[in-house]
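Biologist: I have a model open and would like to learn how to read a few of its features. Can you walk me through them?

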Amino acid sequence: LKVADTLMSELSVDAVSHRSLTMLSEQLHLDRCYIGLYRPEDDRADLTHQVGNDRVPPLPPTIRLSDFPNALRVATDRTLVIDDVATTAGLSDTDRRNISALGLHALVAPSLRAGENKLLWTIVAVSATPRKWPWEEIALIEEVTERTWAAMERAKAEAERQEVQRTLVTLVEQCPFGIYIV
């Protein structure tokens, strides 16, 4: 609720994202936290926003989804939870190698979906060292993911509404003839 209340006061997508990731990182003592926008048709995820410390270097703006085949399959069905990239069951050697190359050793990645198997968006909570994620932390990350998405959609809609309003005001101001309301 604290996240939802705080995000209501943020007016832009960037401000919502930064505030949400910062609050989550501080609450759970994360090394990095980022938002990923899935683009499966292009075999990529765009990492649009991230916060973190030097224990996990900043991630590239885009990652190739095919570099994480088993992890992606899990994320399609449920929240991906990795306590230790070296020992978590269900990861392929490719997953382990590529996740480790990013400096990630433990993570939780709840994904929002459109329909049965269409991934849309995720917040990924990251630890630079192996970490046992208690169910309470996983539930919190899932809830923050949903609330952040809703706040970002609200901010996008408000920005679009303001743009339409500016366009209409400009149109009325530049109109060479009078406009009357009947």
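Predicted model: local features only at pLDDT ≥ 70, side-chain atom pairs only at ≥ 80, totals over all residues.

Biologist: Where does His29 sit in the chain?

Modeller: His29 is in the loop between helix 2 (13–28) and strand 1 (32–39).

Biologist: What should I look at in its backbone?

Modeller: Look at phi. Most residues other than glycine have a negative phi. Here, His29 has a positive phi, near 55°.

Biologist: What is phi of Asp43, and where is that residue?

Modeller: Phi of Asp43 is near 55°, again a positive value in a residue other than glycine. Asp43 lies in the loop between strand 1 and strand 2 (44–52). With 27% relative accessibility, Asp43 counts as partly exposed.

Biologist: On to the rings. How many aromatic pairs does the structure hold?

Modeller: The structure holds 1 aromatic pair. Its members are Trp121 and Trp149, with 5.3 Å centre to centre and 65° between the planes. Planes over 60 degrees apart count as edge-to-face, so this pair is edge-to-face.

Biologist: Which parts of the chain does the pair link?

Modeller: Distant ones: Trp121 belongs to strand 7 (residues 118–127) and Trp149 to helix 5 (residues 135–174), 28 residues apart.

Biologist: Is Trp121 buried or exposed?

Modeller: Trp121 counts as buried, because its relative accessibility is 3% and the cut-off is under 20%.

Terms used. Residues numbered from 1 in each chain as written. Heavy atoms only, no water. Phe/Tyr/Trp six-rings, centres within 6.5 Å; stacked < 30°, edge-to-face > 60°. Helix = DSSP H or I, 4+ residues; strand = E, 2+ residues; numbered from the N terminus. Buried < 20%, exposed > 50% of the residue type's maximum accessible area, 1.4 Å probe, protein only.
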